[in-house]
Amino acid sequence: MADAAGRDCKEMRPGLRLSRVADLIDAIHGCHPDDAEQILSVILEEWQTGAPMPPFLDAMSDAEFWAHAATFEELRAVFLAAGQKLARYPLGPQGRMRMIRRLMDGLSDDERQEIMGPCPTDPRRCWTRSS
């Protein structure tokens, strides 16, 4: 990150850093609280991982790379938005089953049972890991 003069902020002298921090605190306190909160939120949000970028080479590896660096809130937001869109997408029966299997893969048998409800009368169709 560079300052207004184009200098790399990571290489700032400690005295200059302290001076900038004092200026920043003064500027924040000089703003209306609503304005300061909005501006600081935008800046902090920009410094986070951010939204996934369009895939560069391989969509899955790009998504895995982004997910590795994302915060829980970012992962949750993208997961819910993608899930809502995929629920309306014509995946077909096999595509839906692959998606469901992937979502349920990390669950214990008890957790699966809680989600799916009691086993059907046919024991071959119970919701266990062997399904």
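The model is predicted, so local features need pLDDT of at least 70, side-chain atom pairs count only at pLDDT 80 or more, and totals for chains, interfaces and linings use all residues. Residues are numbered from 1 along each chain as its sequence is written, and side-chain values use heavy atoms, leaving out hydrogens and water.

**Exercise 1.** Find how many helices and strands the chain has.

Solution. Start with the terms: helices (H or I, at least four residues) and strands (E, at least two) are DSSP runs, numbered from the N terminus. The chain has six helices and zero strands. Along the sequence, this reads α-α-α-α-α-α.

**Exercise 2.** Work out what share of the chain is buried.

Solution. Buried means under 20% relative accessible area, exposed over 50%, and partly exposed in between (1.4 Å probe, protein chains only). Of the 131 residues, 9% are buried.

**Exercise 3.** Decide whether Leu103 and Asp110 are buried, partly exposed or exposed.

Solution. Take Leu103 to begin with: this residue lies in helix H5 (residues 92-104). Its relative accessible area is 48%, so Leu103 is partly exposed. Now turn to Asp110, which sits in helix H6 (residues 109-116). Asp110 has a relative accessible area of 64%, so this residue is exposed.
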